Amino acid sequence: MKSYRQQSWRIDFFLVYTFVLFVFGFPSVATVFGNEEVVVYSARKEHLIKPVIDAYTKETGVEVKLITDKAAPLLVRLKAEGKNTPADLFITVDAGNLWQAAEQGVLLPVTSNRLEANIPTHLRDPQRRWFGLSVRARTIVYSTRKVKPSDLSTYEDLGTPTWKGRVCLRTSKKVYNQSLVAMMISELGETKSEEIVKTWVGNLATDVFSNDTKVMEAIIAGQCDVGIVNTYYYGRLKRKDPALPIALFWPNQKGRGVHVNISGGGVTRHSRHRKSAIRLLEWLSSTSAQNLFADGNLEYPVNPAAKPAPEVAAWGPFKPDQINVSKAGELQKKAIKLMDRAGYR
Ligand code: FE
């Protein structure tokens, strides 16, 4: 018969063995000791996201590995890596891109009271796979030399005879314009939206441009009088030269409001540090982190408790479109086909 001492020794050995297995064999030593780490794949540019991530590490001690690239290659990489991906969080710009990532199955839904409290409903995925972290307004920019703000009213109005040969637009290949048209489809329907886009094309002063800055430079150069841009590009130009003869106009204020999009993120399907990834996402949506995240690119916070930077607030308040930004993804294909039919290159 075994003595009590022998049995007790075996129980102790079992406990130690389980502990060793738990510590060294189970997810990672770091997780067990609370020394978390998170891997972020970010299509938000390194110089914008790095200072925010550094602040998180400083505040929490959590190590964050940051890998930045364009949205498309990051998504291809996430899919190719599958279960072996080191990525815990995917951060990108435009709801159209986030929607694509979710549709392709690389994100898993997150249930978080903090995220839901911090981020308005229309700026996050109804299926909780991605969450907006900053708001980007896509609005009308005009020549202060040739246009009075009272001449302007809506996006649709840029297609009326008043603006014949006076409009500059960025290419329809850019997701920003696909999202703008997608949101228009969701509110006005396909037929009406196609008519409007056709009239825009008919009013173009010149070929479409490859980016928003070139649209504004064309207005400054007198090549055209109005255009549509994301406000942070305007902010960047204005920073360099406050005397630039262009200004922002907030359209559709009596109707659906200014078109807004987001940059945002979601937790990957195969994340090995899911809790840590959620904690980082929650932190990014918090009032204090929101300004770090949005102000670096002159964007607007998603969290209504955070106020935009003074430089951004100076552009004045506006009524934003409240339709859920996921529509930008859902209707993206329709928008691309519509723009093609309308001759918008
Ligand atoms: Fe941009």
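V312 is found in helix α13 (residues 310-313) of what is a predicted model. Helices here are DSSP runs of H or I with at least four residues, strands are runs of E with at least two, and both are numbered from the N terminus. With a relative accessible area of 0%, V312 is buried; that word stands for under 20% relative accessible area, while exposed means over 50% and partly exposed lies in between (1.4 Å probe, protein chains only). Leaving out residues up to four places away in sequence, V312 touches L298, E299 and Y300, where a contact means heavy atoms within 4.5 Å. V312 also sits 8.7 Å from T231, C-alpha to C-alpha, although 81 residues separate the two in sequence.

A word on conventions before we go on. Residues are numbered from 1 along each chain as its sequence is written, and side-chain values use heavy atoms, with hydrogens and water left out. Since the model is predicted, local features need pLDDT of at least 70 and side-chain atom pairs count only at pLDDT 80 or more, whereas totals for chains, interfaces and linings use all residues.

**The protein as a whole**

The protein has 15 helices and nine strands. Of its 345 residues, 52% are buried. Take the contacts between residues at least 6 apart in sequence: 77% of them join residues at least 24 apart.

Two further residues illustrate such pairings. L133 is found in strand β4 and, at 0% relative accessibility, counts as buried. G264 is 131 residues away from L133 in sequence, yet their C-alpha atoms are 4.6 Å apart. Not counting residues up to four places away, L133 touches S263, G264, G265, L281, L284, S285, Q290, F293 and V302. G296, in turn, is found in the loop between α12 (287-295) and β9 (300-301). Leaving aside its neighbours within four places in sequence, G296 is in contact with L48 and N291.

| Pair | Sequence separation | C-alpha to C-alpha distance |
|---|---|---|
| V312 and T231 | 81 residues | 8.7 Å |
| L133 and G264 | 131 residues | 4.6 Å |
| G296 and I49 | 247 residues | 8.5 Å |

**Helix α7 and its partner**

Now to helix α7, which covers residues 175-188. Its 14 residues reach 19 Å from the first C-alpha to the last, close to the 20 Å expected at 1.5 Å a residue; the expected span is 1.5 Å times one less than the number of residues. Eleven of the 14 residues are buried, so α7 is largely enclosed by the rest of the structure. The buried residues of α7 are V175, Y176, N177, Q178, S179, L180, V181, A182, M183, M184 and I185. Just after the helix, G189 takes a positive phi of about 90°.

Helix α15 (residues 332-341) crosses α7 at roughly 100°, and the two axes come within 8 Å. Axes are lines fitted to C-alpha atoms, for helices over the stretch in contact, and angles run from 0 to 180 degrees between N-to-C directions. The two helices are therefore roughly perpendicular to each other, a label for angles of 65 to 115 degrees; under 35 counts as roughly parallel, over 145 as roughly antiparallel and the rest as oblique. On the α7 side the contact is made by V175, N177, Q178, V181, A182 and I185, and on the α15 side by Q332, K334, A335, I336, L338 and M339. By class, this contact has eight nonpolar, three polar and one charged residues. Nonpolar covers Ala, Val, Leu, Ile, Met, Phe, Trp, Tyr, Cys and Pro, charged covers Asp, Glu, Lys and Arg, and polar covers the others, Gly among them.

Y176 lies in helix α7 and Y232 in helix α10 (residues 231-240), so the pair ties together parts that are 56 residues apart in sequence. Both Y176 and Y232 are buried.

D94 has a positive phi of about 80° although it is not a glycine. D94 is found in the loop between β3 (89-93) and α5 (95-103) and counts as buried at 1% relative accessibility. R128 is not a glycine either, and has a positive phi of about 60°. R128 has its place in the loop between α6 (113-118) and β4 (131-143), where it is partly exposed, with a relative accessible area of 30%.
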